[in-house]
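Subject: Structure for you, with notes

Hello,

Here is the structure I promised. Please open it first, then read my notes below.

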Amino acid sequence: MAQIYDRVALIGLGLIAGSMALAMRRSGLAGEITGYARSAETRKVAAEIGLVDRVCDSAAEAVKGADLVVLCVPVGAMGNVAAEIGPYLQTGATVSDVGSVKRAVIDAVGPHIPDGVHFIPAHPLAGTEKSGPTSGFAELFDGRWCLIVPVEGADVAAIQRLRDLWVGMGAQVDEMEADHHDLVLAVTSHAPHLIAYTMVGVADDLSRVTDTEVVNYSAAGFRDFTRIAASDPTMWRDVFLNNKDATLEILGRFTEELFALQRAIRTGDGDHLFDYFTRTRAIRRGIIEAGQDTDVADFGRVKK
Ligand code: NAP
C-alpha cells in the first residue's frame, strides 16, 4: 500500500498508539513515525523496542513537521496536550485522536487547533484490557470499525486521507455525529464496563464466598467479567467522567430491566426469562455473523 502521510506524530505511547505504529509500518503508510509519552520510563521502553522511528522528549518536538498528529492519551488529558502542541502544528496538518468519548474531546481540543490545521476526531472500536508501550500489536484493528467524527466544516480531502489511513491499518470506517457516537458507545462499551467493574467488586465484597472459590470456579461466567474489569483505571475513570449523560441514561434503563428480571425471578415468571434470554441470544448470533467475534466456546484462552 502507498504511503499516506510523510510524518505521523503519536502523542501517548500505549496500546492504541503502539498498535497504530505497528499497523502503519506493516503497510508502509507513514514515512516517519515520531512519538512522545509523559513519563521518561515509557519513552525509554518505546525507544528500546523501536516502537516508533523517533521518540521525542516533548510533545512539541514530536509534532514539528508532522502532517498527521494523533492524540492517544486518556480522554481527560486531551485538552492539555492540545494546548501544548497547538503553537507547533504545521499549516495543512491534520490533528486526530483515538479517544473513547467524542463530544468532550471535541470541546477540549477544538479551541487549541490553529487556523489552517484540520481537526478530525476518530475512535477505533478495538482494544484489549492491556495498556502501556509493549501491549500493542499490528493486527488490533483488522476487521474492526473505526468511527470518524468530523466537526462542522471539516475538509473533505483531509477526512478522506484519514479514512484511507484507517483502512490501510485494517479497519472498516464509518462516520458518525459526536453525540450519537457517545450514546452508541455508552450502550456497547461504557455501561458494560461499569457493570463488569461492579460485578467483580460485588464478588470481592461478598465474604460468604471465599476468595479461592471465586478464583477456582470463575469459569462459570465471572472470569469474563474480570477480563473487562482489568482495564486501565485512568482510561475508564476519564471515560465515565466525560460521557456522563449518555452513560447515566443507559444505566437508568439497565436498572429498570434488572428490576423487571428480578420481579420475574421472584414471581416465577419463567416465560419472561425465557423470552428475554432468547432475544439476547439472537444479538450474540448477529455479532458473530458480522465477524466481530468468533464462535469458539473458549475464546481467547489457549488450551494446554
Ligand atoms: P494506555 O495504553 O494507557 O496509554 C496511554 C498513553 O498516554 C501512555 O503512553 C501515557 O504515558 C500517555 N499519557 C497519559 N497522560 C499523558 C499526558 N498528559 N501527556 C502525554 N502523554 C500522556 O492507553 P490506551 O489504551 O492506548 O488508550 C489511549 C486512548 O485510546 C484513550 O483516550 C482511550 O480512551 C482510547 N481507546 C482505548 C481503547 C482500549 O481498549 N484500550 C480502545 C479505543 C480507544 P505514560 O505511560 O508515560 O503514563
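Keep in mind that this is a predicted model.

Aromatic pairs first. The count comes to two. One joins Phe 141 and Trp 166, edge-to-face, with 5.0 Å centre to centre and 90° between the planes. Phe 141 sits in the loop between β7 and β8 (145-148), and Trp 166 belongs to helix α6 (residues 156-168), so this pair ties together parts 25 residues apart in sequence. Both Phe 141 and Trp 166 are buried.

The rings of Trp 236 and Phe 240 have centres 5.8 Å apart and planes at 45°, so this pair is tilted. Both residues lie in helix α10 (residues 233-242). They are four residues apart, about one turn of the helix. Trp 236 and Phe 240 are buried too.

One more ring to look at: Tyr 276. Arg 279 lies over its face, 5.1 Å from the ring centre.

Now the ligand. There are 28 residues around it; Arg 38, Ser 39, Thr 42, Val 73 and Ser 100 come nearest. By class, the shell has 16 nonpolar, 11 polar and one charged residues.

Which residues put a polar atom by a ligand oxygen?
- Ser 39, through a polar side-chain atom, at 2.6 Å
- Val 73, through a polar backbone atom, at 2.7 Å
- Leu 15, through a polar backbone atom, at 2.9 Å

Taken alone, the ligand exposes 900 Å², and the protein buries 87% of that. The elements giving two or more residues to the shell are α1 (15-26), α4 (78-85) and β7 (122-124).

Best wishes

Technical notes: Residues numbered from 1 in each chain as written. Predicted model: local features only at pLDDT ≥ 70, side-chain atom pairs only at ≥ 80, totals over all residues. Heavy atoms only, no water. Near = heavy atom within 4 Å. Polar contact = N/O pair within 3.5 Å; in protein donor to acceptor, adjacent residues only side chain to side chain. Areas by Shrake-Rupley, 256 points an atom, 1.4 Å probe, with all protein chains shown as cover. Nonpolar A, V, L, I, M, F, W, Y, C, P; charged D, E, K, R; others polar. Phe/Tyr/Trp six-rings, centres within 6.5 Å; stacked < 30°, edge-to-face > 60°. Buried < 20%, exposed > 50% of the residue type's maximum accessible area, 1.4 Å probe, protein only. Lys NZ or Arg CZ within 6 Å of the ring centre and 35° of its normal.
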